[in-house]
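I opened this notebook page to record what I looked up, in the order in which I looked it up.

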Amino acid sequence: MAKGAPVLAGLDIGTSKIAVVIATAGRGFPELIGAGKSPGVGINKGVITNPDTVARCIVQALGKARKTAGVETAFAYVGYNGSGIKVRDCRVTENEEILQLIPPRMMRESVGAGFERAARAITAPVDDILKIEQSTRLAGLKVQDIIYGPWAGSRVLLTQAERELGTLLVDIGAGTTSVSIFDRGGIRETSVIPVGGEHLAGDLAVGLRISLARAENILKNYGTGEVEQFLTALSPGNDGSRGLPGDPVRSIIEARLTEILELVAAAINDFKYYGLLPGGVVFYGGVSRLSGLKVMAESRLQLPVRIGSHETAGFTPGLEPAYTNALGLVKYGYALYREKQHINERKDRFRDKFLSWF
Ligand SMILES: Nc1ncnc2c1ncn2[C@@H]1O[C@H](COP(=O)(O)OP(=O)(O)OP(=O)(O)O)[C@@H](O)[C@H]1O
Ligand SMILES: [Mg+2]
């Protein structure tokens, strides 16, 4: 690690977990030096409901990351993807804060021919942003910037060509599913739907009359031998009261997944996006690892589907998928940091030139 190099943290506050990665900005690229995560408590559908509890969870995750990094972090780039996210033309009410400015895009007028240029912004409820700042500050970190989660995720999931040509990025997490269209290098449309893995686990718990913890375990192991064993134990011969015909786990999961895919299709429809999507759909988030998702999604969305991974994008092998957004945050944060540095250098050069005139 370069001596005196600034230390950046990417902080993903997800509904089910907090993930932190730490990197240094010394050598012209972000050098990953630590990572840690903890269960998320006090977060509902991506929105902080209890800042004190969340602060404690951040401290826990940060402690683990700092242990491997061996340094104290200075500032954090924090992700947000609650369902209060909106994309709109640049008119913002006093209760909303702009998260990301979308570069001007060509918008087709609903009436008449011709096109009109308009700037667009991704906005989030001010209350949600204040709670992120509060929790992060309570955990002892300085918030450098708050960044829209899928925007950060795209940095380690999508190729440059996918971001340029038109690709749909879908993050199915625990409490939210975000759907975003990328083209010409930026997000064109986005929407956060309040459904995710929690609903799949809830359905399994109710349908199979088991605890939520066990249902979550089944969900994570779906498609492996462990679930087959569990099903054998539930078969009518072994437990008449609980016995369910056929493959109950599969029917419950497929039913809820079909509903989630219907909501994704409806969101795409609502975008009224006129471009093509040659990049197809890239899924990520915990639920994207569900066996059978690719086939179901291809059939429902009628687009080629791939399951995204920061590893296949050549970024930090060995770090589990739960860190994808945190990695994206630190990568994008680093780009912002470099940009700011260049501006400052230009300002310094201008000041020196100006002073040399006297
Ligand atoms: N292998 C797997 N198969 C299916 N589901 C899984 C698997 N692994 C994790 N999950 C589910 O994914 C969810 C967690 O995913 P993720 O870490 O992306 O969510 P999050 O970031 O905490 O939530 P959100 O983005 O909605 O705020 C949980 O509901 C978990 O049960
Ligand atoms: Mg998430």
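**Entry 1, conventions.** I noted that this is a predicted model, in which local features need pLDDT of at least 70 and side-chain atom pairs count only at pLDDT 80 or more, while totals for chains, interfaces and linings use all residues. Residues are numbered from 1 along each chain as its sequence is written, chains are lettered from A and ligands numbered from 1 in the order in which they are written, and side-chain values use heavy atoms, with hydrogens and water left out.

I asked which residues are closest to ligand 1. Of the 20 residues that surround ligand 1, the closest are T15, S16, K17, G175 and T176; a residue is counted here if one of its heavy atoms lies within 4 Å of the molecule.

I then went through polar contacts, meaning pairs of N or O atoms within 3.5 Å, where within protein one atom must be able to donate a hydrogen and the other to accept it, and residues adjacent in sequence count only if both atoms are side-chain atoms. The side chain of K17 places an N or O atom 2.8 Å from an oxygen atom of ligand 1, and a backbone N or O atom of A174 is 3.0 Å from an oxygen atom of the ligand. On the nitrogen side, a polar backbone atom of K220 lies 3.4 Å from a nitrogen atom of ligand 1. Taken alone, ligand 1 exposes 650 Å², and the protein buries 91% of that, with accessible areas from the Shrake-Rupley method and a 1.4 Å probe.

Where does ligand 1 sit? I found ligand 1 in the largest pocket, where sitting in a pocket means that more than half of the molecule's atoms lie within 2 Å of the pocket's grid points. A pocket is an open set of points on a 1 Å grid over the protein atoms alone, with protein on both sides within 12 Å along at least five of seven lines. Helix 5 and helix 6 are the elements that give two or more residues to the shell, and helix 6 gives the most, with 3 residues. Helices (H or I, at least four residues) and strands (E, at least two) are DSSP runs numbered from the N terminus. By class, the shell divides into 4 nonpolar, 11 polar and 5 charged residues.

R209, in the loop between helix 5 (197-208) and helix 6 (212-220), has a phi near 50°. K272, in the loop between helix 8 (248-271) and strand 14 (281-284), also has a phi near 50°. Are R209 and K272 buried or exposed? R209 is exposed at 52% relative accessible area, and K272 is exposed at 56%; exposed means over 50%, buried under 20%, and partly exposed in between.

I218 lies in helix 6 and is buried at 5% relative accessibility; its C-alpha is 8.2 Å from that of A201, 17 residues away in sequence. V305, in strand 15 (residues 305-307), is buried at 4%, and its C-alpha is 4.8 Å from that of V281, 24 residues apart along the chain. G34, in strand 3 (residues 31-39), is buried at 7%, with 6.3 Å between its C-alpha and that of R66, 32 residues apart along the chain. W151, in helix 3 (residues 149-157), is buried at 9%, and its C-alpha is separated by 8.9 Å from that of N325, 174 residues apart along the chain.

Notes. Buried means under 20% relative accessible area, exposed over 50%, partly exposed in between (1.4 Å probe, protein chains only). On a 1 Å grid over the protein atoms alone, a cavity is a set of points where a 1.4 Å probe fits but cannot get out, and a pocket is an open set with protein on both sides within 12 Å along at least five of seven lines; lining residues have an atom within 4 Å of a point. Ala, Val, Leu, Ile, Met, Phe, Trp, Tyr, Cys and Pro count as nonpolar, Asp, Glu, Lys and Arg as charged, and the others, Gly among them, as polar.
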